Amino acid sequence: MGSQATDGAEVTAPPDGIPEALGEESGRFTREQLFTMVATASLNFSSMICYSILGPFFPAEAEKKGASNTVVGMIFGCFALFNFLTSLILGNYLTQIGAKFMFVAGMFVSGCVTILFGMLDKVPSGPVFISLCFLVRAMDAVGFAAAMTASFSILAKAFPNNIATVMGSLEIFTGLGMVLGPPLGGFLYQSFGYEVPFITLGCLMLVLVPVNMFLLPKYDSIPSKDSFWKLVLLPEVLLLCLTIFSLSACLGFLDPTMSLFILKKFKLPAGYVGLVFLGLALSYSLSSPFLGLLSDKLPYLRKWLLVSGGLITAVCFFMLGPAPVLHIESQLWTFVLVLVLIGFSLGMSAIPVFPEILHCAYDNGFEEGLSLLGLVSGLLSAMWSLGAFVGPTLGGFLYEKLGFEWASAIQGGWSLLSGLAIGIFYIIEATRRSSSSSLQNLSGSNEERTHLLGSET
């Protein structure tokens, strides 16, 4: 941090070399900011389309290779577990490794591993296939975690004044990847077989690697002494981590279970199963820019969005089956409608989390800069990954034992817990601040009264 005096006025320099943050204030983006947005949009789109192509056909393909529903859930969860571990490590060492290198290297690893995943149908069924699935997914998780951790940090560095708006806008490309992944994966699988979806999309990601090497500006930073555990142990940060975990667990539950439920319940072919995924992905991607703008322009609404988003998500998962206790027959149109509501409610809770954690960190004395952004982005990626591990692993087990209807209702309990917990915390905080303000006003009145009495004497 640095400052200099000019004509008697103190001008503060941008922390850690943020490139032309003035572009945000004037309403126009700088060249570096535009390149950063393009690079991040390409990562969001390519990574999510590679991730989401599995949904329509991989669970059924894995069953043919000897994997049970529980094992399929664990294969999905393996990706998240290694993503969790990698995010925790890389978030602490972002400034030493370099954000740009981590971003590009992560994309390269993910592209290569996606192609490798397309070769797994050639290996023998049973333990060999299952073991290689775990290994390849773990390698993919390392690349994905590196790219996404760097991405969050770079965005917050480049857009310090409206990070929620920018992140919300870029979630359009995340949603676009989620939208195109399932139907494209289902179509390519149905038309050309197992290998083609993975090889096509893996090559797409590899093509974007040299493009992003050229586009992405280099962001340097001074390492900070702030502790990762100091950040994690802040009460509000802990509850926000629970929010991210619960959303990810609910979303991850759908990966190994929803396509199987649709195939059995509604008798749709694999190519059409991917279209059902559109309900969630479209509503999330279309609502995210609006929710990001709302979060930046009206920061006091973030708390309401977090609480209401969690509670709405819980209700939607209870209705997704629907839960047998309701005695409602599941129909395709109601199923898609609930998915649309889930996409919107996920955006309500997910978009405000990053700026809320940053605000909490600044209030508790953390230094601004890329080092803190690395800690926060690593923490968010880790919590998202932990939920993405628990969601499909527990979901696959519950689906096998209880069926999709009860499994989805139970899974919604994560969002109910996080919504109630963060709501109670904000109520307690508001009450405490109100009491503190009343005491200060009372103290000020007493001092004024004493001063007046002394003057009269």
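The crossing of helix H2 with helix H6 is left-handed, meaning that the near helix is turned anticlockwise from the far one by less than a right angle. Before I go on, this is a predicted model, in which local features need pLDDT of at least 70, side-chain atom pairs count only at pLDDT 80 or more, and totals for chains, interfaces and linings use all residues. Residues are numbered from 1 along each chain as its sequence is written, and side-chain values use heavy atoms, with hydrogens and water left out.

Helices here are DSSP runs of H or I, at least four residues, numbered from the N terminus. The axes of H2 (residues 31-52) and H6 (residues 99-117) come within 11 Å and cross at roughly 25 degrees, and these two helices are therefore roughly parallel (angles under 35 degrees). In contact, that is with heavy atoms within 4.5 Å, Ala39, Thr40, Leu43, Ser46 and Cys50 of H2 meet Phe103, Met107 and Thr114 of H6.

Now to a second pair, H11 (residues 235-266) and H14 (residues 301-320), whose axes come within 11 Å and cross at roughly 25 degrees. H11 and H14 are therefore roughly parallel to each other, and their crossing is left-handed. On the H11 side the residues include Leu240, Thr243 and Leu247, while those of H14 are Leu306, Thr313, Phe317 and Leu320.

Finally, H8 (residues 163-192) has 30 residues and reaches 41 Å from first C-alpha to last, close to the 44 Å expected, where the expected span is 1.5 Å times one less than the number of residues. After H8 comes Gly193, with a positive phi near 105 degrees.

Key: Axes fitted to C-alpha atoms, helices over the stretch in contact; angles between N-to-C directions. Parallel < 35°, antiparallel > 145°, perpendicular 65-115°, else oblique.
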